[in-house]
Amino acid sequence: MNRVAAIDCGTNSIRLLIADSNSADAGSPLRDVVREMRVVRLGQGVDATGELAPEALERTFAATADYAELIRHHGAKGVRFVATSASRDARNRDVFVDGIRNLLGVEPEVISGDEEAALSFAGASSVLPSRGKDPILVVDLGGGSTEFVLGDSDGVIAARSVDIGCVRLTERHLRSDPPTPEQIAAAEADVDAAIDLVARTVPLGRATAVVGVAGSVTTITAHALGLSEYDPALIHGASLDLETITDAATSLLEMSREERARLPYMHPGRVDVIGAGALVWRRILQRLAELGGGSITAATASEHDILDGIALSIRSTRSTRSTR
């Protein structure tokens, strides 16, 4: 067995997975040792300023220092740190890269949207029943960007990353509490434009099933299920019809932040941005239903995503990087 550590640093959260993998069997599943998430809001203000805010960097570095200690404690030998939308967009990303390198002892990788998409598909599909040659669309709805990845048992067919996410659209449009109809319409126009862009290179109408990953999707699923607490075991693999998901998303979008904060499954770091996440997921599913000619009637939530894909990529490359 090979113990690896994967870190996914997104626009809203930074997550750690320490897992054991069988390096001799590429098809074997990962076994979780530690799985953690911190909301650090690295992308705070990036859409408006083009730079990572000092306080956002401070929060991210503090979480990374804690993760480095966990990695050392659990003896992970292969380590990969991947950063996505917010750090891709920032003019001062060198400050971020240098800080992570000093704390963790590995080079953080600011990956492209295409690689982000491929890693998301690898992570989500690794724990789902095989559908053979039937194309599956994985949608990774993040804080700054959303990845659309169409693939089958042979891997990725086509992918596209677009700049719509729960943090970005909250800061850009949904400033009122709750948002106004005009703000919602402006945000939906951005989502529609992004989906149109995706459809130029990703044949969305070929999808026979849809899988949604990341915190917005899983939180909407928890809301639709009416859970008494956030329970990954109940959320993972939950397949709900589009009407149920749409109703849950609309409910979250129309709530005040105070009302969202009282929900027992709501992470405090998602209270202010889940409305935008709900808007994005609702509109994506509506458009997919239209493009698929009625073949898409449900969507499945997955707790396994890019973080698992990063860990799997360490196994496939037999990385030997380690923290100091």
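Predicted model: local features only at pLDDT ≥ 70, side-chain atom pairs only at ≥ 80, totals over all residues.

Student: Which residue in β2 does Ala-6 stand opposite?

Tutor: Leu-17.

Student: And how does β1 pair with β4, parallel or antiparallel?

Tutor: Parallel, over six bridges. Val-4 sits opposite Gly-78 of β4 there. β4 also runs parallel to β5, joined by two bridges, and Val-82 has Glu-109 in β5 as its bridge partner.

Student: OK, what's the strand order in the sheet?

Tutor: The order is β3-β2-β1-β4-β5, in an open sheet with mixed pairing. β3 (31-39) and β5 (109-110) are at the edges with a single partner strand each, so one side of each has no neighbour in the sheet.

Student: Is β4 buried or exposed?

Tutor: Six of its six residues are buried, so β4 is largely enclosed by the rest of the structure. Gly-78, Arg-80 and Val-82 point one way, while Val-79, Phe-81 and Ala-83 point the other.

Student: Which helix lies across β1, β2, β3 and β4?

Tutor: α2, residues 54-74, and it runs at about 10° to β2.

Student: Switching topic: how do α8 and α12 cross?

Tutor: The axes of α8 (residues 215-225) and α12 (residues 274-291) cross at roughly 90° and come within 9 Å. That makes α8 roughly perpendicular to α12.

Student: What residues meet there?

Tutor: Ser-216, Val-217, Thr-219 and Ile-220 from α8 meet Ile-274, Gly-277, Ala-278 and Trp-281 from α12. By class, that's five nonpolar, three polar and no charged residues.

Technical notes: Residues numbered from 1 in each chain as written. Heavy atoms only, no water. Pairing = 2+ DSSP bridges. Helix = DSSP H or I, 4+ residues; strand = E, 2+ residues; numbered from the N terminus. Contact = heavy atoms within 4.5 Å. Axes fitted to C-alpha atoms, helices over the stretch in contact; angles between N-to-C directions. Parallel < 35°, antiparallel > 145°, perpendicular 65-115°, else oblique. Nonpolar A, V, L, I, M, F, W, Y, C, P; charged D, E, K, R; others polar. Buried < 20%, exposed > 50% of the residue type's maximum accessible area, 1.4 Å probe, protein only.
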